[in-house]
Amino acid sequence: MSTTVETVDERTDTRPGELRFHWGSALDDGQKKSAERYDFRVLDLEGAIDFAREADKLGVESLLMAQSYDLPDPLPLLGALVRETENVKFILAYRPGLLSPTLFVQIVNTLSWMSGGRIALNLISGISPVEQGYYGDFVAHDGRHQRSREFLHVLHELWRDGEPVTFEGEHYRIEQGQLGLPHYGGGRPKIYVSGASQIAQDTSLTYGDCWFRYADTPEKIAEEVGPLLARGGRVGLRMQVLARPTREEALADLAEVMGGADEAHRAWVAEFVAAADSQAVKNSFRLAEEAGHGWMSPVLWSGAVAYRGGPALCIVGDYDEVADYLLRYKAAGVSEFIFSGWPARDEMQHFFTRVLPLVRARERAAAAAGTP
């Protein structure tokens with residue numbers, strides 16, 4: 001299995017050992033507030049392109065392209081976005097079972113050439129049997145994770161050395177699988193594996209570069225990720241951030257963006273969670289409920305989880321508070337973050353122009369002092 005070698009990223013000036021920051025791509029211009037839902041009945045391609053260009057200008061390392069039944073499919077969108085940007089990378093979220101592994105590698109290899117290698121993968125086994133059924137997929141939770149392992153095994157074999165691949169498992173059978181177009185630059189893309197279950201963690205260690213999960217407090221994260229780190233794994237968090245010059249401004253903006261929240265949608269989310277079989281989804285709602293849908297720590301707020309799901313657990317505070325809290329996650333063993341915000345574009349600007357420089361200054365001061 002090929003490996004990913006970390007080097008200094010000259011564009012984002014990220015050095016080995018420093019936190020890496022990605023952002024959730026908007027499927028419009030990124031100006032909607034938390035209470036405003038994406039209108040899945042339309043595709044605002046120009047807005048999505050404009051948002052990606054802004055991320056490119058800000059030096060965002062990667063944009064996550066989500067995959068869900070109520071969103072436009074990310075594959076054709078990526079074909080457009082990579083041609084409209086120069087440096088920002090794209091993390092393609094996709095679920096094994098929707099495409100054959102050979103066809104999937106063919107698509108990813110094509111996108112890698114179109115983008116100059118600016119493609120990474122986020123493999124998700126699925127969070128709801130109801131939604132999976134929309135796609136004609138009725139494999140249960142554990143079976144989906146086992147299928148993901150087979151899927152990733154075939155992907156690695158196809159990217160290994162160009163030799164024909166023959167594989168027979170419970171979910172896939174490939175005979176002399178081969179492709180003419182290799183991955184751009186050779187090797188393979190970086191692979192993130194999501195999920196809270198033990199099999200998801202094991203899959204990330206065997207086939208991925210980083211295990212991505214929903215957040216908790218730094219103290220809880222440290223307790224839970226220790227075994228994976230001891231086995232050589234890496235950990236990333238998917239969450240939200242709201243940072244302002246002062247804490248008072250942050251709290252005022254938090255109240256504003258949650259004003260007029262859609263209670264009907266909250267009820268729909270509750271029904272979706274009840275039907276889900278994902279440990280990650282259920283854990284995130286359990287944490288929010290235990291916190292009374294309020295503060296889990298002085299800067300970690302759970303109130304939007306009921307409206308936006310697990311990724312909506314949010315760090316809220318002034319720029320220094322947020323930077324300091326991120327370093328607490330780093331001390332707990334976290335290496336990377338995929339953030340979102342409200343509105344997405346404004347928050348991305350706040351984070352990459354005001355918070356990220358503080359994080360880097362703290363990290364480099366610690367490195368110069370010889371402290372972790």
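## Helix packing and a pocket in a predicted model

The crossing of helix 12 and helix 13 is right-handed (the near helix is turned clockwise from the far one by less than a right angle; helices are DSSP runs of H or I with at least four residues, strands are E runs of at least two, and both are numbered from the N terminus). The model is predicted, so that local features need pLDDT of at least 70 and side-chain atom pairs pLDDT 80 or more, whereas totals for chains, interfaces and linings use all residues. Residues are numbered from 1 along each chain as its sequence is written, and side-chain values use heavy atoms, without hydrogens or water.

The two helix pairs are set out below, with axes fitted to C-alpha atoms over the stretch in contact and angles from 0 to 180 degrees between N-to-C directions.

| Helix pair | Angle | Axis separation |
|---|---|---|
| Helix 12 (residues 319-331) and helix 13 (residues 344-369) | about 55° | 9 Å |
| Helix 3 (residues 101-115) and helix 5 (residues 141-160) | about 50° | 9 Å |

In the contact (heavy atoms within 4.5 Å) of helix 12 with helix 13, the helix 12 side includes Tyr319, Leu326, Leu327 and Lys330, and the helix 13 side includes Phe351, Arg354, Leu358 and Glu363.

Pro101, Thr102, Phe104, Val105, Val108 and Asn109 of helix 3 meet Phe151, Val154, Leu155, Leu158 and Trp159 of helix 5. By class, the residues of this contact are nine nonpolar, two polar and no charged.

The second largest pocket has a volume of about 280 Å³ (an open set of 1 Å grid points that fit a 1.4 Å probe, with protein on both sides within 12 Å along at least five of seven lines; lining residues have an atom within 4 Å of a point). Among the 14 residues of its lining, Lys330, Glu363, Ala366, Thr371 and Pro372 are the closest to the centre. Helix 13 gives the largest share of this lining, five residues, and helix 12 supplies at least two. The lining comprises six nonpolar, two polar and six charged residues.

Two backbone features remain. The peptide bond from Trp342 to Pro343 is cis, with omega near -20°, and Pro343 lies in the loop between strand 13 (334-340) and helix 13. Gln176, in strand 6 (residues 173-177), has a positive phi of about 50° although it is not a glycine.

Conventions
Points joined across faces, edges and corners; volume = space filled by probe spheres on them. Nonpolar A, V, L, I, M, F, W, Y, C, P; charged D, E, K, R; others polar.
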